[in-house]
Amino acid sequence: MGLGVANLADAREFYEKHWQLEVVDADDDRLYLGAACPESHVLRLRATDQPRVDLISLAADTQADVDGVAERVARHPLARMVAQPATRQDLGGGYGLRFLDCDGRTVEVATEVVGRAFEPVRAADSRPKTISHVVFNTPDLTATRTFYESVLGFKVSDWVEDFFCFMRTGKAHHILAFTRSAHASLNHVAFEVHGLDEFMRATGGMMRRGFQPVWGPGRHGVGNNTFSYFQDPSSGFVMEYTTELQLIDDEHGWVPKVYPANDIDRWGTANELDDAVRSLMRGRPDPGLWAPPPV
Ligand SMILES: [Fe+2]
């Protein structure tokens with residue numbers, strides 16, 4: 001995931017010191033943060049005038065898979081190629097392409113990105129293990145859903161009524177989700193921690209450092225994952241700690257279900273999802289749309 005932030009030093013304080021990611025590389029205007037996983041990095045922060053989404057980064061298995069995405073991008077009337085499949089020029093190298101989706105978000109699909117040595121999470125270690133999922137607001141949910149189905153092979157896992165669509169490419173219930181909104185923007189980025197104990201430690205660690213959850217802790221109905229949402233004060237973006245996201249085994253068949261809008265807090269522990277919380281997750285119209293990052 002790539003985000004533009006107005007103040008790189010402030011953002012570093014939040015994501016390194018408080019959110020417990022690890023700085024793995026940096027240059028004058030970019031900061032690369034890793035989690036407790038072999039991925040080269042899970043979050044790239046870039047100094048920009050205003051907070052923006054820079055990149056959605058997705059992994060492909062093979063170069064042929066990357067080339068297949070390029071062919072589908074070329075055929076799709078709403079997709080725009082940014083960079084044809086080639087050697088990737090960012091940290092970790094590899095082979096990838098970039099394109100704009102139907103709302104103008106920059107999507108990168110890459111393979112053979114070089115990983116790194118990392119310190120695995122053990123019991124009671126509340127550091128994030130990886131990005132679990134990312135949720136976006138979109139003005140045209142049908143167009144966005146069908147775009148990700150046809151260009152990238154995503155499948156619908158479940159819905160909340162007709163306004164929130166959860167999508168997967170593998171066993172995880174969702175790695176991307178989209179919700180209908182007046183404008184396209186980032187809703188939140190979720191980081192997976194090891195288990196329930198580590199989830200509560202991560203949540204409590206933030207609280208002890210002076211950050212109140214904007215929503216949570218709790219457990220969602222759809223996807224069954226736990227949630228504690230916090231706002232990064234440096235950018236306004238909302239981040240989530242989560243664990244125990246439902247796994248789907250396609251071999252046994254899966255029929256998407258429609259959840260009611262009020263089935264969002266199964267433990268009954270979370271604060272109300274009120275207008276103030278919704279407003280934080282709605283965010284501002286994203287200045288990163290139709291404007292791929294220069295690097
Ligand atoms: Fe989430």
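User: Which residue of β11 does Val160 stand opposite?

Analyst: Strands of a sheet pair through backbone hydrogen bonds, either parallel or antiparallel. In this predicted model, Val160 stands opposite Phe164 in β11. The strands here are β10, residues 155-160, and β11, residues 164-168. They pair in the antiparallel sense, over five bridges.

User: Which helix packs on the sheet there, touching β10 and β11?

Analyst: Helix α3, residues 141-152, does. It also touches β9 (130-138) and β12 (176-180). The direction of α3 makes about 165 degrees with that of β12.

User: What is the strand order of the open sheet of nine strands?

Analyst: Read it as β14-β15-β16-β13-β9-β12-β11-β10-β17, with mixed pairing. The edge strands are β14 (215-219) and β17 (257-259), and each pairs on one side only. On average, neighbouring strands of this sheet are turned by 20 degrees against each other, direction ignored.

User: Why is β16 described as largely enclosed?

Analyst: Five of the five residues of β16 are buried, so the rest of the structure largely encloses this strand. In a regular strand the side chains alternate between the two faces of the sheet. Take β16 face by face. Val238, Glu240 and Thr242 lie on one side, Met239 and Tyr241 on the other, and all are buried.

User: How many bridges join β16 to β13, and how many join β16 to β15?

Analyst: Strand β13 (residues 185-192) runs parallel to β16, joined by four bridges. There, Val189 has Met239 as its bridge partner. Strand β15 runs antiparallel to β16, also with four bridges. Here Ser228 is partnered by Tyr241. The hairpin of β15 and β16 has six residues between the strands, and Gly236 takes a positive phi near 90 degrees.

User: Which helix lies across β14, β15 and β16?

Analyst: That is helix α4, residues 196-208. It runs at about 20 degrees to β15.

User: What is the order in the open sheet of eight strands?

Analyst: The order is β2-β3-β4-β1-β5-β8-β7-β6, and the pairing is mixed. β2 (22-26) and β6 (80-87) stand at the edges with a single partner strand each, so one side of each has no neighbour in the sheet. Within this sheet, β5 (residues 52-59) and β8 (residues 106-111) run parallel, joined by four bridges. Ala59 stands opposite Ala110 in β8. Helix α2, residues 63-75, packs on the sheet and touches β6, β7 (95-100) and β8. The direction of α2 makes about 20 degrees with that of β7.

How values were computed. Residues numbered from 1 in each chain as written. Predicted model: local features only at pLDDT ≥ 70, side-chain atom pairs only at ≥ 80, totals over all residues. Pairing = 2+ DSSP bridges. Helix = DSSP H or I, 4+ residues; strand = E, 2+ residues; numbered from the N terminus. Axes fitted to C-alpha atoms, helices over the stretch in contact; angles between N-to-C directions. Contact = placed C-beta atoms within 7 Å. Buried ≥ 20, exposed ≤ 12 C-beta atoms within 10 Å, placed from the backbone.
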